Protein chains: 2
Amino acid sequence: MKIIDKTEFAKANIFGIGELNTAYAKYFIGNSFLKPLTDPANTSLFLANVTFEPGCRNNWHIHHASKGGGQILLCTAGSGWYQELGKQAVSLQPGSVIVIPAEVKHWHGAKADSWFSHIAIEVPGENLHNEWCEPVSEQEYQQLK
Amino acid sequence: MKIIDKTEFAKANIFGIGELNTAYAKYFIGNSFLKPLTDPANTSLFLANVTFEPGCRNNWHIHHASKGGGQILLCTAGSGWYQELGKQAVSLQPGSVIVIPAEVKHWHGAKADSWFSHIAIEVPGENLHNEWCEPVSEQEYQQLK
């Protein structure tokens with residue numbers, strides 16, 4: 001469900017907005033926010049709720065792994081997009097689950113007219129590292145319906 | 001937020017109710033429902049949305065592991081309880097995150113007067129197996145406030 005108002009969205013964003021995601025800002029267009037949900041001291045799985053302001057999306061990127069790896073997205077509030085290279089973008093709603101395989105170039109983010117949040121889960125594997133590529137252009141993004 | 005009406009709860013339960021959880025029914029009091037969110041063919045992480053009818057809870061149990069393991073609960077709708085042996089029960093709401101360590105005896109489930117759902121994530125580890133113990137007695141359960 002699209003939600004453009006920040007206060008209204010905050011009520012739907014049950015896992016919380018956290019802090020401005022400054023560490024990864026160079027790989028995003030627009031502002032994103034990060035709320036870690038697990039502490040590496042307590043568990044080997046890293047989960048965070050990622051919130052994108054309307055129009056915000058990350059650059060094309062690849063989760064590299066020699067075994068396992070990739071990421072799982074659990075969409076929790078608002079409305080967004082997920083796109084793999086060479087495929088149609090997928091519309092994301094609360095309850096959408098996306099399994100991103102390792103080695104697949106992709107991006108995700110909010111719709112132009114809605115806030116959006118997903119929980120991101122890093123899937124364990126071997127020799128994990130992320131490759132950040134070019135931004136999603138305004139032309140590509142604005143034509144999504 | 002407590003929700004006693006099934007139809008109203010279904011609107012809040014964004015990851016879906018799935019099927020009656022018959023395979024594990026012997027370890028539960030009341031009816032629970034299971035909606036797998038990942039397919040073992042696509043990813044090594046198993047996630048499922050578990051829904052408990054009002055009053056439903058699982059037996060005391062332990063996630064054994066020689067390394068890693070345990071479970072993470074992401075509470076998505078309604079209201080429930082999580083309790084570790086020897087500790088006070090924790091009230092669960094949408095947005096609550098529980099990291100259950102391996103080897104800790106515990107139970108979880110709905111409140112007496114509310115439906116409840118959480119996503120359960122199996123944390124990878126070595127020599128994983130679950131030990132199911134005694135039910136949570138009516139006396140223990142009904143005194144929770």
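In what order do the 6 strands of the open sheet in chain B run? Here are my notes.

1. Ground rules. This is a predicted model, where local features need pLDDT of at least 70, side-chain atom pairs count only at pLDDT 80 or more, and totals for chains, interfaces and linings use all residues. Residues are numbered from 1 along each chain as written, chains are lettered from A and ligands numbered from 1 in written order, and side-chain values use heavy atoms, without hydrogens or water.

2. The sheet. The order is β1-β3-β4-β13-β8-β11, with antiparallel pairing (strands are DSSP runs of E, at least two residues, numbered from the N terminus; pairing takes at least two DSSP bridges). β1 (19-20) and β11 (97-100) of chain B are at the edges with a single partner strand each, so one side of each has no neighbour in the sheet.

3. The interface. Chain B and chain A bury about 1,700 Å², 83% of it on carbon and sulfur atoms (accessible area lost on being put together, 1.4 Å probe, summed over both). B:Ile14, B:Phe15 and B:Leu45 supply 25% of chain B's share, more than any other three residues. Salt bridges between the chains come to 0 (Lys or Arg side-chain nitrogen within 4 Å of an Asp or Glu carboxyl oxygen).

Key. Helix = DSSP H or I, 4+ residues; strand = E, 2+ residues; numbered from the N terminus. Buried area = accessible area lost by both parts, 1.4 Å probe.
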